[in-house]
Every structure is written in structure tokens, then in C-alpha cells.
Amino acid sequence: MSGTFPLAFSITSGKGGVGKTNISVNLAISLARLGKRVVLLDADLGLANVDVLLGLTPKKNLFDLLHGASLHDILFPTPYGFSILPASSGVSDMLALSTGQKFELLESVSELEDDLDYLITDTGAGIGDNVRYFNLAAQERLLILTPEPTSLTDAYALVKVLKQTHNVEHFKVCVNMTPNEKEAKDIFTRLHNACDHFLSGISLDLAGIIPRDTDVRKAVIEQLPFCVGTPDSGAAKAVSQLARTITEWEVPEHLDGNIKFFWRKLLFRES
Ligand SMILES: Nc1ncnc2c1ncn2[C@@H]1O[C@H](COP(=O)(O)OP(=O)(O)O)[C@@H](O)[C@H]1O
Ligand SMILES: [Mg+2]
């Protein structure tokens with residue numbers, strides 16, 4: 001990572017159930033193990049499950065933040081060397097945040113600027129308002145794909161909407177649940193070709209490949225992240241490798257998009 005500024009990146013997908021939350025949690029652990037200061041923001045508002053995968057039960061969450069609690073009231077340390085900003089499950093208010101509330105949320109998070117190296121945002125699926133917003137607010141986007149055709153079409157739809165509405169052009173890609181490396185590369189190439197043919201100016205970079213691994217499901221059931229419970233599993237090794245790759249990402253100098261004003265504050269401390 002260049003410089004001393006934190007990097008805010010989202011973990012996102014068009015299709016649900018592709019492994020975003022599992023990857024977010026285990027990536028946070030892997031980056032913490034590399035000595036990085038990490039906060040994981042659960043931005044799957046209304047359907048939150050970062051805390052569930054970690055087996056934790058934070059009392060306060062982003063809902064409280066929007067109703068008077070301070071950021072430090074809701075920042076919840078995990079036993080794995082990083083903290084989470086938990087969302088709330090089943091609170092429909094969170095599903096349709098007003099623009100003012102979204103600004104308020106990001107402004108609050110920018111208070112963390114001195115205390116972190118990576119802010120990871122685990123988004124919901126789809127191309128809805130919240131997903132677009134959190135992807136736009138991030139400096140990098142890690143798009144999660146699986147070898148399933150629906151994952152490909154939905155990923156393409158997300159890339160297309162972010163490009164057409166906000167001119168977002170750079171995406172990192174991670175293929176999850178792949179039976180082998182060849183299938184991962186094939187699906188990545190198909191996305192790459194579709195973007196080349198139908199959208200101009202998109203750059204996609206294959207950042208990681210995570211195998212389909214039965215230890216992931218076990219970890220979910222046991223509420224113990226696989227990087228902790230089965231550190232020698234294929235999935236854990238692949239996520240550790242992805243974490244090392246991420247530490248080599250450059251922090252982009254130019255931020256594209258209005259909302260990034262907030263991340264500019266987070267990054268460059270203008271005051
Ligand atoms: N690499 C993998 N191998 C096997 N199963 C996986 C893998 N990654 C995710 N899964 C399964 O997919 C399910 C959905 O994962 P989750 O992280 O909740 O996805 P999302 O956040 O994208 O909805 C999990 O319950 C887990 O069992
Ligand atoms: Mg999820």
C-alpha cells in the first residue's frame with residue numbers, strides 16, 4: 001500500500017450468496033494478521049450478517065449511529081484483531097436510507113481516519129440504491145463472481161450501472177467457489193469480454209481465486225471464520241493470498257464522484 005492513508009474498498013456482487021460476507025470477514029482477519037488496522041463495515045443494511053459469521057452479538061449498530069449513538073459506541077472489537085461496524089437485521093428503515101443519512105454515516109466513519117489502514121465495506125447484493133452508494137463511496141471495488149452464469153450476468157449488470165450512472169471504471173475481481181483455476185479464469189474472461197464489447201473504458205483485474213471448499217460451510221455453521229478454524233484449508237490459504245495482493249494495491253490519487261468528498265476527508269485530512 002502506498003503512503004500512509006487508509007484505503008476504503010467494497011466487497012460487492014450483483015448476485016446474492018456468492019460469498020461476499022465470508023470473504024469480507026476472512027479477509028479482515030488475514031489483513032489484521034499482516035499487521036494492518038482494519039475495520040469491517042457491514043453495509044448489507046437490513047440483512048446484516050457479519051456479526052453472525054463471527055459468532056458475536058454487538059448491542060449497538062449503524063441504526064443507533066443514525067439515532068444519536070457515537071461511532072465509538074458502535075465500533076465493536078472482534079477477537080481476531082479487527083473491529084466491525086455492525087448493521088441491524090430486520091430493520092426496514094435501514095433499507096431505504098435518505099441521502100442525508102448516508103452522508104451522515106460516511107461522515108461518522110471518516111472519524112476513524114487516524115486509526116486504520118483498511119476500511120472494508122461488505123455490501124448487499126444487486127444494483128439497488130444502497131449498493132450503488134457504498135460502491136461509489138469506496139476507492140476500490142472487489143467484485144465477487146462465481147462460475148455460475150447468473151453470477152456473471154448479475155456482475156455485468158452491476159458494472160454497467162456503476163459505469164453508466166457514476167462513471168466507475170475500475171474493478172478488482174475475485175472468483176469464489178470455483179472447482180479449479182481454469183473455470184475461474186474462464187468466467188473472468190467472459191466478464192472481461194462482455195465489458196469490452198458493450199461498455200467502453202472498463203478495467204477489470206483478477207485479484208483472487210477462492211476454491212469451493214466444504215470448510216466454508218462448516219465455518220458458517222460453527223460461527224467460527226475458516227481462517228481461524230481451518231487455517232490450512234484451501235479457502236483460508238486463498239483468502240490469505242488475496243490479503244497479500246491487496247496490500248500491494250495502490251491508493252488511487254484521483255477520486256471520481258461527488259460522494260467521495262467524504263472519503264477525501266478520510267484520506268487526506270483536509271482540515
Ligand atoms: N468458497 C466457498 N466454498 C463453499 N461454500 C462457500 C464458499 N463461499 C461461500 N460459500 C457458501 O455460500 C453461502 C453464502 O455465503 P455469504 O458469504 O453469506 O454470501 P453473500 O454475502 O454474498 O450473500 C455460505 O453460507 C457458504 O456456505
Ligand atoms: Mg452477505
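**A mixed sheet and the helices packed on it**

In this predicted model, eight strands are arranged as an open sheet, running in the order β3-β4-β2-β5-β1-β6-β7-β8, and the pairing within the sheet is mixed. The edges are taken by β3, residues 76-77, and β8, residues 203-211, each of which has a single partner strand, so one side of each is left without a neighbour in the sheet. As background, strands of a sheet pair through backbone hydrogen bonds, and the pairing may be either parallel or antiparallel. One of the pairings here joins strand β6, residues 140-145, to strand β7, residues 170-178, in the parallel sense and over four bridges; within this pairing, Leu142 has Lys172 of β7 as its bridge partner.

Helices pack on this sheet, and two of them can be followed in turn. Helix α6, which covers residues 129-137, touches β1 (7-13), β2 (38-43), β5 (118-125) and β6, and its direction makes about 160 degrees with that of β5. Helix α7, which covers residues 149-166, also packs on the sheet, where it touches β1, β6 and β7, and the direction of α7 makes about 160 degrees with that of β6.

The two helices also meet one another. Two packed helices are described by the angle between their axes and the distance between the axes. In the case of α6 and α7, the axes come within 11 Å and cross at roughly 70 degrees; because angles of 65 to 115 degrees count as roughly perpendicular, α6 is placed roughly perpendicular to α7. The crossing of α6 past α7 is right-handed. On the α6 side the contact is made by Arg132, Asn135 and Leu136, and on the α7 side by Val161, Leu162, Thr165 and His166. Sorted by class, the residues of this contact between α6 and α7 are three nonpolar, three polar and one charged.

Beyond the helix contact, two residues deserve attention for their backbone angles. Asn167, found in the loop between α7 and β7, has a phi near 55 degrees, which is a positive value in a residue other than glycine. Asn167 counts as exposed, because it has 11 C-beta neighbours inside 10 Å and the limit for that class is 12 or fewer. Met177 likewise is not a glycine and has a positive phi of about 55 degrees, but Met177 is found in strand β7 and is buried, with 22 other C-beta atoms within 10 Å, where 20 or more are required.

Val228 is partly exposed, with 16 other C-beta atoms within 10 Å. Although Val228 and Asn26 are 202 residues apart in sequence, their C-alpha atoms are 8.4 Å apart in space. When residues up to four places away in sequence are not counted, Val228 touches Ile29 and Tyr80.

Finally, some totals describe the protein chain as a whole. Its secondary structure comes to 12 helices and eight strands, and 45% of its 271 residues count as buried. Among the contacts in the chain with a separation of 6 or more, 78% are accounted for by residues 24 or more positions apart.

Conventions: Residues are numbered from 1 along each chain as its sequence is written. Chains are lettered from A and ligands numbered from 1 in the order in which they are written. This is a predicted model: local features need pLDDT of at least 70, side-chain atom pairs count only at pLDDT 80 or more; totals for chains, interfaces and linings use all residues. Two strands pair if DSSP finds at least two bridges between them. Two residues are in contact if their C-beta atoms, placed from the backbone, lie within 7 Å. Axes are lines fitted to C-alpha atoms, for helices over the stretch in contact, and angles run from 0 to 180 degrees between N-to-C directions. Angles under 35 degrees count as roughly parallel, over 145 as roughly antiparallel, 65 to 115 as roughly perpendicular and the rest as oblique. A crossing is left-handed if the near helix is turned anticlockwise from the far one by less than a right angle, and right-handed if clockwise. Ala, Val, Leu, Ile, Met, Phe, Trp, Tyr, Cys and Pro count as nonpolar, Asp, Glu, Lys and Arg as charged, and the others, Gly among them, as polar.
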